[in-house]
Amino acid sequence: MKKFLASLLVAGSLFAMPTVNAEVKTYEGSDEYIMSEFETIDIAKQRAKQKAERNAQEKAGVYINSFSKTRDMELVEDEVVAITCGILSVVDVKFDVKPLEDANGFLIRATVKANIETNDVNKWLEKSAREKSTIVIQNKELQKAVADQDATINKLQEQIKQLKAEGKLSGKNEREKITQEIVAEDKIFLANQKLDEAQKKFYNKDYKGAIKLCDESIKIQPTARAYCGRGGAYGVLKNFDKTVSDCTQAIKLDSKYAMAYTNRAAAFASMQNYEQAMEDINMAIQCDPTLALAYNNRAAMYLMAGNIQEAFTDASKAIELEPKLDLPYMIRGTCYQVMGNMAQAQADFNKAKQLGYKG
């Protein structure tokens, strides 16, 4: 029984998809970035490339959404974005750099060509429900970080324009202050780039590669997301001590980071430290009451402790928040079984299997 419940805390099983003939689709994306005189050309090119790649991702996402419907995959938008980011591979990039006529700096236009393979879309169904959910969460966090960083850079560039117009950028101190702010944002950008690459490695089950890229991101700019991501990869490799260490560091950097508590709780549970696991999972839910994985994990721990009503309530909440997560159906089905409601138990077990759970 404990072995079964532990599996509900960590991962589900694989759901096989019939192999089809692989097909490569190529997409072109273009976008531009205006570089100020305080930035470096190399970083500015990478910013333009990132924007062009996102343009290609949007185009590929339309295809992935259409392709998935022909395979009855029933993907939601967040899944489509996560899949696209995970499988899109840039094969060529070109830059067109032109000096700005009315200011110091350059207009940089990047054009990328990127490929996806249709079999890589099918591989989404081979992932456990927990893995899918984790990838979606990680991708949403990364996309938000990228958007926030873009907004900060845009704000800095507007500030530079305003200061120039007011004649306040002629002094050494003012220019050094702006330069330092740009350098700080460049570090965040480069760290995010490493995490983007790490996310692709994680998607493709190259967990050691993901760990290496998180290492590089941390060296550039230590962030809670980098430590939590590395901790999650260590967890998949069953190196739970390192998961605990990394998630603890993530929490030190961001005490409200729900996924860090969730990952650390799963590691503690795997180490049979259920008291600490419950404390962490309660914190995760307190930090983010919409995190389905946290309710799933707490439901499993309640069930292990024999608290059937609490397990039932949390499993139902996880299902409400994320209906495509298979594990809560297994937990709630077990609760129904204990309560003697065999019809509802079987309905939940069937739903879990339909979603990919195989025990």
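I take helices (H or I, at least four residues) and strands (E, at least two) as DSSP runs, numbered from the N terminus.

**Entry 1. Ground rules.** I note that this is a predicted model, where local features need pLDDT of at least 70, side-chain atom pairs count only at pLDDT 80 or more, and totals for chains, interfaces and linings use all residues. Residues are numbered from 1 along each chain as its sequence is written, and side-chain values use heavy atoms, with hydrogens and water left out.

**Entry 2. The whole protein.** I looked up the overall make-up and found 15 helices and three strands. Along the principal axes, the C-alpha atoms fill a box of roughly 80 × 45 × 30 Å. For burial I use relative accessible area: buried means under 20%, exposed over 50%, and partly exposed in between (1.4 Å probe, protein chains only). Of the 359 residues, 50% count as buried.

**Entry 3. Two loop residues.** I looked up Q272 and placed it in the loop between α10 and α11 (274-287). Q272 has a positive phi of about 65 degrees, although it is not a glycine. I wrote this down because most residues other than glycine have a negative phi. Q272 counts as exposed because its relative accessibility is 62%. K238 also has a positive phi, near 65 degrees, and is not a glycine. I found K238 in the loop between α8 and α9. With a relative accessible area of 59%, K238 is exposed.

**Entry 4. Salt bridges.** A salt bridge here is a side-chain nitrogen of Lys or Arg within 4 Å of a carboxyl oxygen of Asp or Glu. I read off 27 of them in the structure.

- I looked at K144 and D148, whose side chains meet in a salt bridge at 2.8 Å, N to O. Both residues lie in helix α5, four residues apart, about one turn of the helix. K144 counts as exposed because its relative accessibility is 52%. D148 has a relative accessible area of 38%, so it is partly exposed.
- I then looked at R230 and D246, which form a salt bridge at 2.7 Å, N to O. R230 lies in helix α8 (residues 224-236) and D246 in helix α9 (residues 240-253), so the pair ties together parts that are 16 residues apart in sequence. R230 and D246 are both buried.
- K127 forms a salt bridge with E131, and the closest N and O atoms are 3.8 Å apart. K127 and E131 are both buried.
- I also noted a network of salt bridges that links E37, K164 and R175.

**Entry 5. Spaces in the model.** I needed two terms here, both set on a 1 Å grid over the protein atoms alone. A cavity is a set of points where a 1.4 Å probe fits but cannot get out, while a pocket is an open set with protein on both sides within 12 Å along at least five of seven lines. Lining residues have an atom within 4 Å of a point. Grid points are joined across faces, edges and corners, and a volume is the space filled by probe spheres set on the points.

The largest pocket has a volume of about 940 Å³. Of the 40 residues that line this pocket, V76, E79, E322, K324 and L325 are the closest to its centre. Elements that give two or more residues to the lining are α3 (77-87), α5 (129-165), α10 (258-270) and α15 (342-354). α5 gives the most, with seven residues. I sorted the lining by type (Ala, Val, Leu, Ile, Met, Phe, Trp, Tyr, Cys and Pro are nonpolar; Asp, Glu, Lys and Arg are charged; the others, Gly among them, are polar). The pocket lining divides into 20 nonpolar, six polar and 14 charged residues.

I found one cavity of 30 Å³ or more. About 230 Å³ of space lies in the largest cavity. This cavity is lined by 18 residues, and Q138, L195, Q199, R225 and G229 lie nearest its centre. Two or more lining residues come from each of α5, α6 (172-203), α7 (207-220), α8 and α10. Here α5 has the largest share, five residues. By type, the cavity lining has 11 nonpolar, five polar and two charged residues.

Entry 6. I looked up F349, which lies in helix α15. F349 is buried because its relative accessible area is 13%. F349 and A258 are 91 residues apart in sequence and 28 Å apart in space, C-alpha to C-alpha.
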